[in-house]
Each structure stands twice: as C-alpha cells, then as structure tokens.
Amino acid sequence: MSSTDHQLTEHHVSDVRTRILDWYADNGRDLPWRDPETTAWGVLVSEVMLQQTQVSRVWDSWLAWMKRWPGPADLAEAEASDVLIMWGRLGYPRRALRLHETAKAVVTAHNGVLPADPELLLQLPGIGEYTAAAVSSFAFGIPEVVIDTNIRRVHARIFSGKGAGAPNLTAAERKLAAQLMPDTSTAQGLQDANTWNVAAMELGALICTARAPKCDQCPVLNQCAWVAAGKPEPETKAKTQSWNGSDRQVRGAIMGVLRAKGAVDVGTLQTTVEATGQLGRHLPEVSQWDRAVNGLVTDGLAVLDDKILALP
DNA sequence: AATTCGGGGGG
DNA sequence: CCCCCAGAATT
C-alpha cells in the first residue's frame with residue numbers, strides 16, 4: 001500500500017463524493033449538450049468539440065452544428081469542405097475530419113446508431129480513452145471511469161495534496177480514479193457514478209481551476225489535502241509551444257483563407273494569407289510555406305490540384 | 001515518453 | 001506575456 005492510499009478511507013471518500021454531488025446538484029451549468037433531450041450523437045459532437053477547446057467557444061458552434069446535421073446520417077452525407085467551414089475557428093480542424101469519418105462509420109458499420117460500448121467507441125476516428133468513457137457515461141449511463149484534465153487536477157488536490165495532475169496520465173491516477181467511483185451495485189450507486197464523473201469535472205472547471213482556484217467556494221475545502229498542505233505550487237511543466245511563427249499558426253492562417261475563399265492559387269497564397277493579418281509581423285520562409293501546405297494536404301485538410309490549393 | 005496539431009480565454 | 005483548455009494520433 002502506497003502512502004497516497006493510506007488516507008483513502010471509505011469514510012473520507014464517501015464524504016467527499018457526497019459533498020461534490022450535492023454541490024453539483026445546485027451549481028452544475030445548464031450546458032446545451034447536458035439537456036436530457038440531447039441525443040448520444042449530440043453528446044459525442046460536444047465532446048469532440050471540447051477536446052482542447054473551452055466551453056464558451058463551443059457553445060454556439062455546437063448549437064449551429066446540431067441544427068444543420070442533427071444525426072450521424074446527416075453529417076455522413078455532408079461535403080468535407082462544408083464540414084471544415086462549419087468547424088470554423090474551433091481549432092485542430094483534423095477533429096472535424098475525424099468526426100466526419102466517424103459519422104460515416106456509424107452509418108456503414110453500426111447501422112446508423114452510435115454504439116454505447118466504450119471499446120467500440122474507441123475504434124472510431126477521433127475518439128480516444130477520455131471521449132469513449134465520457135460518451136458511455138454521459139450519453140448512455142454506463143459508469144465508465146472518466147478521466148480528463150479537470151478530474152485529474154481535482155483528484156490530485158483533494159487526495160494527493162499536489163497542485164496539479166501529473167504531466168502525463170499515470171497508472172496511479174487511473175487507479176485512484178477507479179477507487180473513487182461509487183459502488184454501482186445499486187440503482188442509486190449507478191446513477192451516482194455517472195453523476196460523479198460530470199460533477200468532479202464541473203468542480204474542476206468552475207472552482208478547482210488550474211490558476212486562481214476559488215477555494216472559498218469549494219464544497220470540499222476542509223477535506224482537501226492540497227489546502228491542508230498549504231497549497232504548494234505545482235511542479236513547473238514544460239513550457240508551452242510558442243505560437244507566433246509556428247507551423248500551426250501558418251497552417252491555421254491558410255485554413256482561414258480556404259474557409260473564406262474555398263481555394264487559392266499557390267502563386268498568390270503567401271500574399272493572400274499575409275494580407276489577412278493573421279500572421280502578425282511573422283513572415284514565413286518559403287520552406288515554412290511549403291511545409292505548411294504539404295502538411296495540410298497530407299492531413300487531408302486541403303487538396304492541391306494544378307497549383308490550386310482548395311478545401312477537400 | 002515526447003511531439004504535433006488551433007485558436008482564443010484570462011490572469 | 002504566459003499558461004491553460006471535457007485530447008488524440010503519431011513517432
């Protein structure tokens with residue numbers, strides 16, 4: 001038994017769970033994809049959009065997307081170019097292509113019905129460990145152990161006394177998350193387990209935030225190991241990749257032009273993109289333009305035909 | 001295990 | 001300016 005298991009008594013865990021479940025009942029946000037009327041497909045769309053993109057930016061995009069393509073069959077019939085345009089500025093446009101592919105796979109391999117089994121969900125493009133578990137739990141009521149960046153931070157602070165989750169998801173974090181799940185042998189426990197997933201996530205998003213956590217509003221302030229330890233600073237993580245001058249910035253600027261114009265002659269690509277001002281003062285070298293264009297084509301985000309770069 | 005992939009919110 | 005965000009896929 002490790003030192004972190006030592007204080008993990010059932011009484012303590014149960015107390016924390018009850019407090020956070022009660023807090024969520026009163027403070028959970030009415031996000032559109034949490035509406036009971038939302039389909040499982042709608043939940044999946046929200047989860048993919050929310051991969052590395054904040055709730056505030058996803059909200060309107062999700063509403064518009066679901067209105068245009070309510071189910072997988074609708075999206076499966078769409079053109080990839082329209083899918084990318086609709087994705088807009090949510091970022092990481094490969095997510096849009098993978099969601100499009102997943103819609104097609106649901107139609108062709110699953111009779112048009114999104115599977116509930118996390119193992120089947122995992123096989124669909126763009127769905128990883130987190131999203132598979134989240135859809136199973138949130139949309140289908142299957143009490144999978146959901147672990148996202150919020151939940152990892154909440155668990156780390158309350159039970160491990162650290163300020164943040166590990167840099168990469170560890171076996172210890174998986175074990176702890178599994179131990180914290182309510183017993184699902186009763187109907188009430190089953191419901192609590194699914195609510196626990198979303199409640200812990202919500203606490204991390206609203207109260208137990210990465211920076212400037214609102215501990216004065218926290219339902220488990222007095223149960224928190226991190227607070228008890230005096231809120232030690234998290235170990236410094238690797239510096240985030242710079243944005244200005246990056247390949248991603250150039251790729252993103254090109255995609256912005258393609259979404260607006262549909263296509264552009266590669267001979268005028270540089271001046272057209274630079275004229276949008278998306279690159280700031282950065283003027284890419286020819287080699288970076290080539291790298292960006294080739295990368296977009298390789299990733300299926302654009303096609304190059306007779307010196308014309310266009311949406312797929 | 002480390003990199004790459006957008007774009008913007010917010011301290 | 002810098003870190004962070006309901007991660008996934010690739011190397």
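Residues are numbered from 1 along each chain as its sequence is written, and chains are lettered from A and ligands numbered from 1 in the order in which they are written. In this predicted model, local features need pLDDT of at least 70, side-chain atom pairs count only at pLDDT 80 or more, and totals for chains, interfaces and linings use all residues, while side-chain values use heavy atoms, with hydrogens and water left out.

Two packed helices are described by the angle between their axes and the distance between the axes. Helices here are DSSP runs of H or I with at least four residues, strands are runs of E with at least two, and both are numbered from the N terminus. Axes are lines fitted to C-alpha atoms, for helices over the stretch in contact, and angles run from 0 to 180 degrees between N-to-C directions.

Helix 3 (residues 40-49) packs against helix 4 (residues 55-68) at an angle of about 140°, and their axes are 10 Å apart. Helix 3 is therefore oblique to helix 4. Angles under 35 degrees count as roughly parallel, over 145 as roughly antiparallel, 65 to 115 as roughly perpendicular and the rest as oblique. Helix 3 contributes Trp-41, Gly-42, Val-45, Ser-46 and Met-49 to the contact, and helix 4 contributes Val-58, Ser-61, Trp-62, Trp-65 and Met-66. Contact means heavy atoms within 4.5 Å. By class, these residues comprise 7 nonpolar, 3 polar and no charged. Ala, Val, Leu, Ile, Met, Phe, Trp, Tyr, Cys and Pro count as nonpolar, Asp, Glu, Lys and Arg as charged, and the others, Gly among them, as polar.

Leu-50 sits in the loop between helix 3 and helix 4. Its relative accessibility is 22%, so Leu-50 counts as partly exposed. Buried means under 20% relative accessible area, exposed over 50%, and partly exposed in between (1.4 Å probe, protein chains only). Leaving aside residues up to four places away in sequence, Leu-50 touches Trp-33, Val-55, Val-58 and Arg-95. Leu-50 and Val-297 are 247 residues apart in sequence and 25 Å apart in space, C-alpha to C-alpha.

The axes of helix 10 and helix 12 (residues 187-206) cross at roughly 80° and come within 8 Å. Helix 10 is therefore roughly perpendicular to helix 12. Asn-150, Ile-151, Arg-153, Val-154 and His-155 make the contact from helix 10, with Trp-196, Asn-197, Ala-200, Met-201, Leu-203, Gly-204 and Ala-205 from helix 12. The contact has 7 nonpolar, 4 polar and 1 charged residues.

Side chains of opposite charge can pair when their charged atoms come close. The whole structure holds 11 salt bridges. Each is a side-chain nitrogen of Lys or Arg within 4 Å of a carboxyl oxygen of Asp or Glu. Glu-10 pairs with Arg-17, with the closest N and O atoms 3.2 Å apart. Glu-10 is exposed at 51% relative accessibility, whereas Arg-17 is buried at 11%.

Arg-94 and Asp-299 form a salt bridge at 3.8 Å, N to O. This pair links distant parts of the chain: Arg-94 lies in helix 7 (residues 94-109) and Asp-299 in the loop between helix 16 (286-298) and strand 2 (303-305), 205 residues apart. Arg-94 is partly exposed at 37%, as is Asp-299 at 26%.

Arg-152 and Glu-173 meet at 3.1 Å, N to O, in a salt bridge. Arg-152 lies in helix 10 (residues 149-160) and Glu-173 in helix 11 (residues 171-180), so the pair ties together parts 21 residues apart in sequence. Both residues, Arg-152 and Glu-173, are buried. A network of salt bridges links Arg-29, Arg-34 and Glu-202.
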